[in-house]
Amino acid sequence: MSGRDRFCQPRRARHGAALTLVFASVLVTGAATGSFPEADRKSPSDQARSATPVGHHEDVARAAAEAMADGESPVEAAERAVSRSGDRWGAVYSRGEYEELEEALDGQYTGVGLSARRERDGRIEVTGVRSGSPAADAGIRAGDRLRSVDGERVDGRPVTEVVSMLRGDAEEDPVGTAVRLGLERGTRAWTETVRRARLSTDPVAVRTLAHGVTVVKVASFTKGVGRQVREAVERVPSGAGVVLDLRGNSGGLVGEAVTAASAFLDGGLVATYDVDGDQRALHAEPGGDTARPLVALVDGGTMSAAELLTGALQDRGRAVVVGSRTFGKGSVQMPSRLPGGSVAELTVGHYRTPSGRGVDGRGITPDLDVDPTDPAALERARTVLSGLGR
C-alpha cells in the first residue's frame, strides 16, 4: 500500500493506489494491496502465477527482461507496460517493497501514526492519531490540516499519494528516517519533523452503545481479522444487535472477509469470481449466528473485500445496509515474479455477489441512504436495529 506525482515514473502513483486497499480510512502510516480469493496471500511462485492472463503477464515480463538486458530499470519498464495495458489496479513492486507489503498484511507497517481524508475542497485533514506513535508524540491531533510533506504541498492530491509520501520509499526511507510535515491548526501554521517508526494495526475495535447495541468496527482485512470478528460477535449477548462498521475499510485478504461473513451466515455462497475465465466460488463456514439483528454501515471508502462482504450479507438477506454507495472495486489481483526479482500484481478477474451483481465500477447501493460522515449515522443504524429486533 512513495506517492510523488511524476508522469515519467508512474510507479509511485500506481503503487499508492494499490497500497490503500488494506487499511481503513486510508491510514497515512502504511497500506497494502488488493484482493485475493485465497485465505492467505499467494507468493509469486504459487498458483497465482499460472492464474495471471498469459498475454498480459508476458508483456510485462518481456518489458522487464528487455530493460535488464539493456542495463535499464526492469521495475520502471514493467510499470510502463502495466500503464499501457490499461489495468487500473495493476502495480509493480521491487523485491523490498513487496516484502513490506507482505508484512503489512500481517498488521505491521512503517509510518508516523496518522490517518487522514481529503475534504471536498481538496484539503487533507488529519482524522486520527495513533496513541504512542511519532505523530502523537509530536502533539499532532485530529482536526489538524496537513499542508505539506517534505516541502511538497499535498492539497488536491489523492490521499493514496499522501499515504505514500508519508511512508517514503521502502528501501530509501526505512524506520528512523525523518519526514517534515507542514501543519495548520486554526490560525497557527507550523512545521513538525517526525521519524518513521514500526507500528502495528488494530484492525478490529468493539464498543457498546446505548440499548445494548454492539459496534464492531473493521478497519481492514489483514491476517486474522476474520477470526477476530467471529470472536467479537460470539461475545455479544444473545439476541443483541450488531452494527458492522465497514466505513473506510479499503479491503485486504478476501479469505478473511469470507471468514468474517461466516460469523453471520450458516454456510452458503459468499461470492463468485473468475480467473482468466475460470469461474470459482467462495462459501461461508457453517454455524454462524443467523438470527442476530445486523446492520452493515458503509461509505464511499468501503472497497474490495469489504464490498464483497457487504454484498453477501445484503443479497442473503442477512443485514440491512446503511450509508452511501460503496467504492466499486470488485476486481481480483494476483502476483507474479518478474525478471530481476520485482513483482507485478495484475488484474485477473472480477467478483460478483451471490445474486450475480457485479461490483466493479458500480459499488453496493445501501438499503437506507444515510450520510456516513454524519455523527448521527450510528444512531440511524441503531434505530434500524431496533426495528429488526421487533
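Let's start at helix 4, residues 74-85. This helix has 12 residues. From its first C-alpha to its last, helix 4 reaches 17 Å. At 1.5 Å a residue, 16 Å is expected, so the span is close. Keep in mind that this is a predicted model.

Which residues of helix 4 are buried? They are P74, V75, A77, A78, E79, A81 and V82. Here is some background for reading that list. An α-helix has 3.6 residues a turn, so residues three or four places apart point the same way. Now step just past the end of helix 4. There, G86 takes a positive phi of about 80 degrees.

Now the whole chain. The protein chain has 11 helices and 19 strands. Of its 390 residues, 57% count as buried. Its accessible surface comes to about 15,500 Å². Carbon and sulfur atoms account for 45% of that surface.

On to the inside. In soluble globular proteins, nonpolar side chains tend to be buried together. The largest nonpolar core here has 42 residues. Which of them touch the most other members? F221, L244, V270 and L309 do. Helix 10, residues 305-315, gives this core its largest share, six residues. There is also a second, separate core of 20 residues. Among its members are V112, V126, V159 and M165.

Let's zoom in on V270. Leaving out residues up to four places away in sequence, V270 touches V258, A261, L265, L282, H283, A284, L308, A312 and P354.

Look at the pairings one by one. Strand 10 and strand 11 are antiparallel, with five bridges. R207 has V215 in strand 11 as its bridge partner. These two strands form a hairpin with five residues between them. In that turn, H211 has a positive phi of about 70 degrees. On to strand 11 (residues 214-218) and strand 12 (residues 242-245), which run parallel and are joined by four bridges. V215 turns up again here, and its bridge partner in strand 12 is V243.

Now a second hairpin. Strand 3 (residues 114-118) and strand 4 (residues 124-129) run antiparallel, joined by five bridges. S115 stands opposite G128 in strand 4. Five residues lie between the two strands, and G122 in the turn has a positive phi of about 95 degrees. Strand 4 also pairs with strand 5 (residues 145-149), again in the antiparallel sense, over two bridges. I124 has L146 in strand 5 as its bridge partner.

Last, two residues with positive phi that are not glycine. D150 has a phi of about 50 degrees. It is found in the loop between strand 5 and strand 6 (152-153). For S304, phi is near 55 degrees. S304 lies in the loop between strand 15 (294-298) and helix 10.

Is S304 buried or exposed? S304 counts as buried because its relative accessibility is 6%, and the cut-off is under 20%. D150 has 31% relative accessibility, so it counts as partly exposed.

Terms used:
Residues numbered from 1 in each chain as written. Heavy atoms only, no water. Buried < 20%, exposed > 50% of the residue type's maximum accessible area, 1.4 Å probe, protein only. Areas by Shrake-Rupley, 256 points an atom, 1.4 Å probe, with all protein chains shown as cover. Core = buried A, V, L, I, M, F, W, Y, C linked by side-chain atoms within 4.5 Å. Contact = heavy atoms within 4.5 Å. Pairing = 2+ DSSP bridges.
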